[in-house]
Amino acid sequence: MRTLIWSLVMTLVSAPAYGQQTVGVFLNTTEAFDGYTLFSPASRTETYLIDNCGHVINQWYSAYRPGQAAYLLQDGSLLRTGRISSLFNAGGTGGRLERFSWDGELEWAYEYSSETYHQHHDIEPLPNGNVLVLAWEQISRDEAIAAGRDPATVSINGLWPEHIVELEPAGADSAIIVWSWHLKDHLVQDFDTSKANYGIIAEHSDRIDLNFISQGPGADWIHANSVDYFPERDQIVISSRVFSEIWVIDHSTTTEEAASDAGGLSGKGGRILYRWGNPQTYQRGGEEDQRLFGQHDARWLEDGTIMVFNNGFMRPGPDFSQVDVITPPWDPETWAYQEPAAGAYLPDTATWTYAGEPGAEFFSSNISGSMRLPNGNTMICIGSSGRFIEVDSTGDLVWEYINPVGINGPVDQGSNPPSNQCFRAERYGPDDPAFAGRTLDPGPVLELNPLPDTCVIYPEDSMSTSVTRAVPASLHLAGNPVDRELVLLNHDQLELEITVTDLSGRVVLSMREAASTIRVPAGNWPAGLYILLATDAAARQQAVFKVFKL
């Protein structure tokens, strides 16, 4: 298979003819998962599918800004959410679901919105063709107080507890609710013995404390922001930003069972089967036990572990985000998660964490997401800055892209796009069923007035998939741009195969050298941009550099 390589980005300040790169693809290495990335800029109505070089493969146009998630379905259609006006005015509001064909035709649209409920943040396409929808539902002030809420913490607008519905699309503009789960059916409170749901919080970790408040007494009391489905167990994981916690519930129940404490494969109806991140919410821990901080995008991995983008919002100490993977204590024999008699749900710590490269931590106080790719790498959307990165299992950066689409559309290269935030980004492999039988011709990149296209396609036999990207500290260019001679410092005297190509892919120089200072003649090269590939055949490592010829 042809391999696309993007060079390591060199400093461009000294090359005013090309300007400073601010958006688009900054890095694409041989270790990056070769696929297609789907994203919907938060301030726009378009959804884009790009390849690893930033070229547009497809794009869809809606009349609505995202609200917030978008997914590519197996038939190549786009399932997205749209933001519509409603009485539910809070972060992540949506209300509309749309499905567009690969060619951009609107095939289905449905608004899950009324005066008492409204879709927000996320949806989840199911294997049976239905869609899980995360939504608010309003309960009045009187209802909240009757349920045991402290009257001092509930306004005239009442509360918006979460619920989830499974919709079966019908026709072009209708849907049938075939299953639902309501958080209001699974509450506990220790505020008022005369009201409903009274109990000892720590003895009811399978319920939600109606009076737990961490970020003010607003109506959006839970602020869930993601929903994901695990077919092997027929379970759903939900992320609550305000509780800084994730919850697992049983989807194998009927709607009636989901409102009760019995039924389904778990035998526990709609109760919380497992929770993690902040044991203060069920009074089994303190601040020192909190592990999640305003997180987003809790999603299942194939082995039953859970990945989450841990935003770090209101984390004690310096601001930084991280991606965590946890291993819930699942027992397939009992079809249950181990629940401690006292103390917090396990595990105590994550089994895998990425928090940025040393000295270059990242932070996004809101939105954002992450996903595990088929090759074991992790794709991360740092939402507030519109930055997408891919890292390998050891945390090495192998792909990087900055969304060039701001509130007014794509910007010129060299400019910083205003409001280029993205809720999430999804990567799909070339063998995904969505692409079956389709010609995926790359179009132009999204940014305007782009830099010369340095995404070089090398013949299959020019590199091995066993070659790994590496830039040894002993190997770097001495001076760039170059005039008559390019100097490559090779302090460890690696035996290097060196190839230089122009932007058309034409090889302008090929040589083999092991000296500590390698001098590459460049006097007869026309002015422009070139790609230098240095391969250490013995160690199966490659370094790729962008070279400017004056």
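This is a predicted model: local features need pLDDT of at least 70, side-chain atom pairs count only at pLDDT 80 or more; totals for chains, interfaces and linings use all residues.
Local features required pLDDT of at least 70 and side-chain atom pairs pLDDT 80 or more, whereas totals for chains, interfaces and linings use all residues. Residues are numbered from 1 along each chain as its sequence is written, and side-chain values use heavy atoms, without hydrogens and water.

A nonpolar core is a set of buried Ala, Val, Leu, Ile, Met, Phe, Trp, Tyr and Cys residues joined through side-chain atoms within 4.5 Å; buried denotes under 20% relative accessible area, computed with a 1.4 Å probe on protein chains only. The largest such core comprises 31 residues, of which Leu38, Leu49, Trp60, Val133 and Phe435 touch the most other members. Strand β6 (residues 66-72) contributes the largest share of this core, four residues; strands are DSSP runs (E, at least two residues), numbered from the N terminus. Apart from this core lies another, of 29 residues, including Leu134, Leu159, Ile236 and Ile238. Beyond its neighbours within four places in sequence, Phe435 has contacts (heavy atoms within 4.5 Å) with Tyr36, Leu49, Leu72, Trp102, Tyr428, Gly429, Pro430 and Leu440.

Zero disulfides are present, a disulfide being a pair of cysteine sulfur atoms within 2.5 Å. The sulfur of Cys422 lies 5.6 Å from its closest cysteine sulfur, that of Cys381, and is therefore too far away for a bond. Cys381 is buried at 1% relative accessibility, and Cys422 is buried at 0%.

Conventions. Buried means under 20% relative accessible area, exposed over 50%, partly exposed in between (1.4 Å probe, protein chains only).
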